[in-house]
Amino acid sequence: MKKLKFITVLCLSIILSACSDDDSSNPSPDINQDDYVYFISGKVNGEPFVYGQLASSTVADYYLSLSGNSITTTCAYYPDTGGLNYSIGVYPDFDTENRPSMYFDFIRFYLCGSDEDASQAFNDAFPVSSYDYAISDNVVSGSTGDVSAHFKFDSTSETSYSTLGGDQAGSNFQITSSIEDNIIFGAQTLQIQQLLEGNFSMKLYNVDDPSDVIEITEGQFKLPMPFD
């Protein structure tokens, strides 16, 4: 299982500023993206949800969770095949941890045979486009340039759902905005980061029981993808 790191962008923002399943009876949340530092929203099995961090909040509600994005990550180096996966998602505050969590995994969005190293290529690695869902997330032989998603109704539970290996007919994943969001102080780059926005729909399969399927429709996301 992946080990995820958690970051609270809310605190970082404060510090740096100082320096298609339509159900009219159950509408999707009315999201003003500018109200959120980051979020994932949509309907899971027809029920609306928003997991994220309001910019106006003074406490952490959802953290950013990420793995594999670090400059210290060992690249799975096999010429023209090895690569790096980048993941980003949301995880609930630890005081109320038995709430849902969700993250996206961008499979082999950096290949080790690239002329530029991972940090140099990072801001160009997530172009505006539609993406397929991955069949495999292996960093050596996985679905290059595809995306997978992972979801839990209860972040403390062992039961998890994934798009990997399941039928995704009629699903979609699209990055609609990809903006360089590096944090720079003077001549020094403090953080390499890309702000991603987009939409999605998907089927997620219980990793222990593929007959247990959930569906997310009308999905949206706004997530800063850091390279730490």
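**Salt bridges, a disulfide and aromatic rings**

Trainee: Which residue forms a salt bridge with Lys43?

Mentor: Glu218 does, and the closest N and O atoms of that pair are 3.6 Å apart. Lys43 belongs to strand E2 (residues 36-44) and Glu218 to strand E13 (residues 209-227), so the pair links distant parts of the chain, 175 residues apart. Keep in mind that this is a predicted model.

Trainee: Noted. Is Lys43 buried or exposed?

Mentor: Buried, since its relative accessible area is 0%. Glu218 comes out as partly exposed, because its value is 26%.

Trainee: How many salt bridges does the structure hold?

Mentor: Two. Besides Lys43 with Glu218, there's Asp61 with Arg99, where the closest N and O atoms are 3.2 Å apart. Asp61 sits in the loop between strand E3 (47-54) and E4, and Arg99 in the loop between E5 and E6, so this pair ties together parts that are 38 residues apart in sequence.

Trainee: What's the relative accessible area of Asp61? And what does Arg99 count as?

Mentor: Asp61 has 33%, so Asp61 is partly exposed. Arg99 counts as partly exposed too, because its relative accessibility is 22%. The cut-off for buried is under 20%.

Trainee: Why can side chains like that pair at all?

Mentor: Side chains of opposite charge can do so when their charged atoms come close.

Trainee: OK, new topic. How many disulfides does the count come to?

Mentor: One. The bond joins Cys75 to Cys112, with an S to S distance of 1.8 Å. The angle about the S-S bond is -85 degrees, and the link is left-handed. Distant parts of the chain are linked here: Cys75 is in the loop between strand E4 (62-67) and strand E5 (83-92), while Cys112 is in the loop between strand E6 (101-111) and helix H2 (118-121), 37 residues apart.

Trainee: Which of those cysteines is partly exposed?

Mentor: Cys75, because its relative accessible area is 24%. Cys112 has 10%, so Cys112 is buried.

Trainee: You mentioned E4. How many of its residues are buried?

Mentor: Six of its six, so the strand is mostly covered going by the under 20% rule. Tyr62, Leu64 and Leu66 are on one side, Tyr63, Ser65 and Ser67 are on the other, and all are buried.

Trainee: How does E4 run relative to E5, parallel or antiparallel?

Mentor: Antiparallel, with six bridges joining the two strands. In that pairing, Ser67 stands opposite Ser87 in E5.

Trainee: Switching to rings. How many aromatic pairs does the count come to?

Mentor: It comes to 24. Among them, Tyr133 and Phe173 form an edge-to-face pair, 6.3 Å centre to centre and 80 degrees between the planes. That pair links distant parts of the chain, with Tyr133 in the loop between strand E7 (129-130) and E8, and Phe173 in strand E10 (residues 172-180), 40 residues apart. Tyr133 counts as buried because its relative accessibility is 11%, and Phe173 counts as buried because its relative accessibility is 1%.

Mentor: Phe173 also pairs with Phe221, and that pair is stacked: 5.2 Å centre to centre, 15 degrees between the planes. Phe173 in strand E10 and Phe221 in strand E13 are 48 residues apart, so distant parts of the chain are linked again.

Trainee: Is Phe221 buried or exposed?

Mentor: Buried, as is Phe173.

Trainee: And which residues form the aromatic cluster?

Mentor: Tyr86, Phe104, Phe106, Phe109, Phe122, Phe126, Tyr131, Tyr133, Phe173, Phe200, Phe221 and Phe227 form one cluster.

Trainee: Going back to loops, where is Ser160 found?

Mentor: In the loop between strand E8 (147-152) and strand E9 (161-162). Ser160 counts as buried because its relative accessibility is 16%. Leaving out residues up to four places away in sequence, Ser160 touches Phe151, Lys152, Tyr205, Asn206 and Val207.

Trainee: Last bit, the whole chain. What does the secondary structure come to?

Mentor: Two helices and 13 strands. Of the 228 residues in the chain, 47% are buried.

Conventions. Residues are numbered from 1 along each chain as its sequence is written. This is a predicted model: local features need pLDDT of at least 70, side-chain atom pairs count only at pLDDT 80 or more; totals for chains, interfaces and linings use all residues. Side-chain values use heavy atoms; hydrogens and water are left out. A disulfide is a pair of cysteine sulfur atoms within 2.5 Å. Helices (H or I, at least four residues) and strands (E, at least two) are DSSP runs, numbered from the N terminus. Buried means under 20% relative accessible area, exposed over 50%, partly exposed in between (1.4 Å probe, protein chains only). Two strands pair if DSSP finds at least two bridges between them. Contact means heavy atoms within 4.5 Å. A salt bridge is a side-chain nitrogen of Lys or Arg within 4 Å of a carboxyl oxygen of Asp or Glu. Rings of Phe, Tyr and Trp (its six-membered ring) pair if their centres lie within 6.5 Å; planes under 30 degrees apart count as stacked, over 60 as edge-to-face and the rest as tilted.
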